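Please consult the sequence and the model alongside the text.

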Amino acid sequence: MKTKFFAVIAFMLMGLSLNANAQRMDYPRFHMGIRGGLSQNTDTEVGKSAYFPTGGIGMDFRLAPIPLYLETGAYYMNKRVEWETINDAHDDHYAYAPLLVSYHIYIGDKFCIQPFTGITLGYLTESEMVESAARFGCGVSFGRLYANMGVDIGATEHEWYNYDTGFYASDASYNTFFMTIGFNWAGDR
């Protein structure tokens, strides 16, 4: 299933590159800006979703003559999980860096649609472990304004144990929906 999904993404990016070759445009070499927004995190085992602010600094660098970019940055997210069965919650603060590939589809000189895919890698402060996830989404920029939304599908499994209640959960991973808005202070357009 995963290989089929990645094959579809690869074919979409190849098709978009054919469109880019037909355009005669001087694509920006990089962008850098601040991002802030909201994330909704769930635990695949037993947790219900919780909403928290997210934010950081993002940047992208053009990789080729076509508008294919490598995106990265430094971000914060709270991977909070709330368990209804034992009336408990777990805050897991997450400092991470995404490593994404995005393709910028310029509709005009100032308007751009930016689908992206890749991974995130970071550190969970409460669990004291490395967290990884596959990330998929789409961004939109208008001049220097930027907005995006997407999902992180957790690749790291966690085990939870509450000493007070004896509650135990294993093989749980985090899945997160996020949306941000921001401003690019460096780079063209």
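Glu126 is located in the loop that joins β8 and β9, where helices (H or I, at least four residues) and strands (E, at least two) are DSSP runs numbered from the N terminus. Its relative accessible area of 49% makes Glu126 partly exposed; buried denotes under 20%, exposed over 50%, and partly exposed the range in between (1.4 Å probe, protein chains only). Although Glu126 and Asp91 stand 35 residues apart in sequence, their C-alpha atoms are 7.1 Å apart in space. Beyond the neighbours within four places in sequence, Glu126 is in contact with His90, Asp91 and Asp92, a contact being heavy atoms within 4.5 Å.

## Basis of the model

This is a predicted model, in which local features need pLDDT of at least 70 and side-chain atom pairs count only at pLDDT 80 or more, while totals for chains, interfaces and linings use all residues. Residues are numbered from 1 along each chain as its sequence is written, and side-chain values use heavy atoms, with hydrogens and water left out.

## Overall architecture

The chain contains 1 helix and 13 strands. In sequence order the pattern is α-β-β-β-β-β-β-β-β-β-β-β-β-β. Among contacts in the chain with a separation of 6 or more, 58% are made by residues 24 or more positions apart.

Of the 189 residues, 40% count as buried. The accessible surface amounts to about 10200 Å², and 63% of it belongs to carbon and sulfur atoms; such areas come from the Shrake-Rupley method with a 1.4 Å probe, and for residues only the protein chains shown count as cover.

## The salt bridge

The structure holds 1 salt bridge, defined as a side-chain nitrogen of Lys or Arg within 4 Å of a carboxyl oxygen of Asp or Glu. The partners are Asp152 and Arg135, whose closest N and O atoms are 2.6 Å apart. This pair links distant parts of the chain, with Asp152 in strand β10 (residues 145–154) and Arg135 in strand β9 (residues 129–142), 17 residues apart.

Leu100 belongs to strand β6 and is buried, with a relative accessible area of 3%. The C-alpha atoms of Leu100 and Pro115, 15 residues apart along the chain, are 10.0 Å from each other. When residues up to four places away in sequence are not counted, Leu100 touches Tyr69, Leu70, Glu71, Phe116, Thr117, Gly118, Ile119 and Arg135.

Gln114 lies in strand β8 and counts as buried at 5% relative accessibility.

## Ser49 between β1 and β2

Ser49 is found in the loop between β1 and β2. At 26% relative accessibility, Ser49 is partly exposed. A separation of 6.5 Å is found between the C-alpha atoms of Ser49 and Val81, which are 32 residues apart along the chain. Apart from neighbours within four places in sequence, Ser49 is in contact with Gln40, Asn41, Thr42 and Glu82.

Rolling a probe the size of a water molecule over the atoms shows where empty space is left. A cavity is a set of points on a 1 Å grid over the protein atoms alone where a 1.4 Å probe fits but cannot get out, and lining residues have an atom within 4 Å of a point. Grid points are joined across faces, edges and corners, and a volume is the space filled by probe spheres set on the points. There are 2 cavities of 30 Å³ or more.

The largest cavity holds about 300 Å³ of space. It is lined by 28 residues, of which Arg35, Glu71, Tyr75, Tyr146 and Asn148 are the closest to its centre. Elements that each supply at least two lining residues include β1 (30–43), β2 (50–62), β3 (68–78) and β6 (93–103).

## A nonpolar surface patch

Ile34, Ile57, Ile107, Phe111, Val140, Phe142, Leu145, Phe183 and Trp185 form a nonpolar patch on the surface, with about 860 Å² of accessible area together. Its members have over 30% relative accessible area and no salt bridge, and nonpolar side chains (Val, Leu, Ile, Met, Phe, Trp, Tyr) are joined within 5 Å. Ile107 sits in the loop between β7 (105–106) and β8 (111–124) and is exposed, with a relative accessible area of 55%.

Technical notes: Patch = residues over 30% accessible without salt bridge, like charges linked within 9 Å, V, L, I, M, F, W, Y side chains within 5 Å. 1 Å grid on protein atoms, 1.4 Å probe; cavity = no way out; pocket = protein on both sides within 12 Å on 5 of 7 lines; lining within 4 Å.
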